[in-house]
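Here's a quick look at a protein model, going from the overall fold down to one pair of helices. Have the structure open as you read.

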Amino acid sequence: MPGIVIVGAQWGDEGKGKVTDLLAETADAVIRFQGGNNAGHTIIRDGEEFKLHLMPSGILYPGKTCVIGNGVVIDPRVLCDELDELRGRGVDVDGLRISANAHLIMPYHLLLDHAGEARLGRLQIGTTRRGIGPCYADKAARLGIRMQDVLDEKILKKKITAALEPKRLSLRPFAKDPELDLHSMTEEYLTYGHRLERYITDTARLAWDLLDEGRNVIFEGAQGTLLDIDHGTYPFVTSSNPVAGAACIGAGVGPRDIDEVWGVSKAYVTRVGAGPFPTELEDELGDRLRARGGEYGTTTGRARRTGWLDLVALRYAARINSLTALAITKLDVLSGLDRIRVCTRYRGAEGAEFDHFPYHQSVLHHAAAEYEEIEGFAEDIGDCRSEEELPTAARDYLARIAEFTGVPIGLVGVGPGREQVVWMGGRRDASPAETPQPASSARS
Ligand code: IMP
C-alpha cells in the first residue's frame with residue numbers, strides 16, 4: 001500500500017470480491033475502475049451472503065470510501081436497486097462516491113446487446129446481455145450519456161436524441177418498445193439523477209487527495225485478464241480492459257500511484273461464455289469441479305466451464321499485469337483428488353510447442369494443453385489457517401504455481417467463508433513473503 005490494484009488473472013470469477021474484501025480491511029478506500037454489472041461478486045460476512053454487481057467490495061465496511069470510477073459503465077437501475085437492498089439490510093452506504101464521468105447503460109444498450117448476440121447465432125460471444133459492449137461502443141463513438149448528464153434535463157434529452165439517431169436502423173425492430181420512448185426514458189434517468197446526486201463527484205480528485213495524504217487505496221478490477229479487449233482472447237472478451245494498467249485510466253491516477261498489483265486466480269480455471277479454453281475438462285471431473293466449487297454465474301446463473309489450472313496463461317497474466325502477488329482461491333475444491341494437473345505448455349495443431357500464451361487467435365483455438373502431474377491431497381483444508389497447517393502436497397502445488405509464474409503467493413482461499421483464508425508467511429499485509437519453496441523439497 002498505499003496504491004494496490006487487484007485484478008482477475010484468468011477469465012473472471014476468480015474470487016476478487018473476497019480478496020478485495022479482506023485487503024480492504026486495512027484500506028481507506030476502494031475504487032472500481034472498469035466493467036459494469038456484467039460482474040458479480042459474492043461476499044460472505046458473518047454468515048450473511050451479499051451478491052454485489054456494481055458496488056465496490058469495500059461497501060460492507062461502515063464509513064469506508066467506496067468509489068465507482070470513471071472507467072465503469074453504470075446501469076443506474078441496477079445501482080439504485082443495489083443501494084436499496086444494501087440499505088434494507090442495514091448496510092451504511094454513505095461512503096459511496098460515483099464518478100460524474102462514468103458512462104451510463106441506457107435501455108437501448110440492453111436491446112442492442114441482445115440483438116447483437118441473436119444476430120451472431122452460433123458465433124455469439126455469450127455476453128451477459130447487460131448492455132456492456134454497446135455502452136462502451138457509444139463511449140468510444142463519443143455518443144455516451146454520462147453520470148453528470150442526468151443532472152440536467154435539457155442536456156440529457158439532447159444527448160439521448162443524438163445517441164439514438166445513428167442507431168435508427170439497428171433499433172428499428174424495437175420501434176414500438178416503450179423503453180425507447182424519449183420522454184419516458186429522459187424522465188426515468190432524471191429520477192436516477194435525483195436519487196444518486198448526493199454521491200456524484202469528481203472521483204479522480206478524491207483519489208489524488210487520498211493518495212497524497214498517504215492513505216491506502218485499493219483499485220478493484222472486474223472480469224479478468226483473459227477477457228481484456230486488447231490482451232484477452234478477442235473477440236471472446238468483454239469491452240473494457242480488466243488488466244492492471246487500466247486502473248490508472250479508470251480511476252484517474254498515474255502509474256506512479258500504484259505500489260502493488262495483486263492477481264487473483266482460482267486453483268483451477270473456469271470460464272463463462274464462448275471462446276478458447278485449452279485446459280477445459282468436459283468430463284465427469286469437470287462436472288465435479290463445477291459442483292464442488294459452486295461454479296454457476298453470480299450475474300447470469302450460467303454453468304461455468306471448468307478445467308485444470310493453466311500456468312502458461314497465468315504466467316502471461318503475471319507479466320501483463322506486472323503482478324507483485326498472487327491470491328489463489330478455492331484450493332479446497334481440489335481436495336480429494338489423487339493427482340492434480342497443471343498445464344505448462346501448449347501443443348499447436350501442427351505439432352509446434354508453445355511455452356507462452358500465443359497471440360494468434362487460430363493457434364490458441366487449436367492449442368492442446370500439455371500437463372505436469374502433481375500429487376493431490378485428501379485432507380479437508382477448510383480449517384487450515386496457516387501455511388504449516390496445509391498438507392504437504394497442497395503446499396507443493398502452491399509452490400509450483402509461484403515458481404512457474406515467478407510471483408509469490410500472498411494468500412490462499414480454503415473455503416467460502418471470510419475467515420477461511422491462509423495468509424502465506426503469516427503476513428496479513430500487501431507485501432507477501434518471497435516465492436515459497438516446495439514443502440517436500442524444503443524437507444529433504
Ligand atoms: P459482456 O462483458 O457482457 O459483454 O460479455 C463478454 C464476455 O465476458 C462473455 O464471455 C461473458 O461471459 C464474459 N464476462 C463478462 N463479465 C464477466 C464476469 O464478471 N465474469 C466472468 N465472465 C464475464
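Predicted model: local features only at pLDDT ≥ 70, side-chain atom pairs only at ≥ 80, totals over all residues.

## Overall size

For 444 residues, the rule puts a compact globule near 22 Å, and the protein comes out at 22 Å, so the two agree.

If you'd rather think in terms of a box, the C-alpha atoms fill one of roughly 75 × 50 × 40 Å along the principal axes.

## What it's built from

The protein has 14 helices and 20 strands. Of its 444 residues, 57% count as buried.

How much of the contact list links residues 24 or more positions apart? Taking contacts with a separation of 6 or more, such pairs account for 77%.

## Where H5 meets H7

Now zoom in on helix H5 (residues 153–164) and helix H7 (residues 182–196), whose axes come within 10 Å and cross at roughly 130°. That angle is why H5 counts as oblique to H7. As for handedness, the H5 and H7 crossing is right-handed.

On the H5 side, the residues involved are Glu153, Leu156, Lys157, Ile160, Thr161 and Leu164. They meet Leu182, His183, Met185, Thr186, Glu187, Tyr189 and Leu190 from H7.

Methods. Residues numbered from 1 in each chain as written. Heavy atoms only, no water. Axes fitted to C-alpha atoms, helices over the stretch in contact; angles between N-to-C directions. Helix = DSSP H or I, 4+ residues; strand = E, 2+ residues; numbered from the N terminus. Parallel < 35°, antiparallel > 145°, perpendicular 65-115°, else oblique. Left-handed = near helix turned anticlockwise from the far one by under 90°. Contact = heavy atoms within 4.5 Å. Rg over C-alpha atoms; globule rule 2.2 N^0.38 Å. Buried < 20%, exposed > 50% of the residue type's maximum accessible area, 1.4 Å probe, protein only.
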